[in-house]
Amino acid sequence: SQRLRAGRQELYGKTPAGRTDREREQKSKRQREYMLSHLFLALDCLDLGRLDDCQSSMEDYLAIARERLKELPQGVDGDRGRWERQFELSMGLDVLANCRLEQDRVSEAQELSAEAVKVGRQAVAGSDAESQSLRQFVYAGSEQARYLNELGRHEEAVRVIEETVAFAAER
């Protein structure tokens, strides 16, 4: 995973700035591949209990994910690029929340999970309930409820699950 990330970083760094549509598309594709390499490394680190490394990789991932989302014009929620980038952000927030939970930072995990649900809801709304974004949204909602339960906020956890299921059922 570390070699993959280094290779993706090198490729991304060598990609032309993006003067033409084709160059911009290639730059975006390589940026996404580089971003995802941080996710893969973070998941490996999480599995190995290397929580500081997981956190660092996920912070890098989220910085890129947020940048990629800002690059898109506002007001195009139905655009595939926007909901895909919202989905990627939601997924990253959820992985960092899992890392925070393993670090016994449950309150932070719950806050990250709440943001993952919010962004996931936007992705689902913009995607016409494309199955991948809908699954991520439901997963993020269940994780948020889990963190609320860990904090002893059981009634909130039930409310989050009910809202998640209702929203998913609408879609």
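Tutor: Two packed helices are described by the angle between their axes and the distance between the axes. In this predicted model, the axes of helix H1 (residues 2-14) and helix H2 (residues 21-48) come within 9 Å and cross at roughly 160 degrees, where axes are lines fitted to C-alpha atoms, for helices over the stretch in contact, and angles run from 0 to 180 degrees between N-to-C directions. H1 is therefore roughly antiparallel to H2, a term used for angles over 145 degrees. Helices here are DSSP runs of H or I with at least four residues, numbered from the N terminus.

Student: Which residues of H1 and H2 make the contact?

Tutor: With contact meaning heavy atoms within 4.5 Å, H1 contributes residues including Leu4, Arg8 and Tyr12, and H2 contributes residues including Tyr34, Phe40 and Leu41. By class, the contact holds six nonpolar, five polar and five charged residues, with Asp, Glu, Lys and Arg counted as charged, Ala, Val, Leu, Ile, Met, Phe, Trp, Tyr, Cys and Pro as nonpolar, and the others, Gly among them, as polar.

Student: How many salt bridges does the structure hold?

Tutor: Side chains of opposite charge can pair when their charged atoms come close. The structure holds 13 salt bridges, each a side-chain nitrogen of Lys or Arg within 4 Å of a carboxyl oxygen of Asp or Glu. One of them joins Arg32 and Glu88 at 2.4 Å, N to O; Arg32 lies in helix H2 and Glu88 in helix H4 (residues 80-102), so the pair ties together parts that are 56 residues apart in sequence.

Student: What should I know about numbering and confidence?

Tutor: Residues are numbered from 1 along each chain as its sequence is written, and side-chain values use heavy atoms, leaving out hydrogens and water. Local features need pLDDT of at least 70 and side-chain atom pairs count only at pLDDT 80 or more, while totals for chains, interfaces and linings use all residues. The chain averages a pLDDT of 88, on the predictor's confidence scale from 0 to 100 for each residue.

Terms used
Helix = DSSP H or I, 4+ residues; strand = E, 2+ residues; numbered from the N terminus. Parallel < 35°, antiparallel > 145°, perpendicular 65-115°, else oblique.
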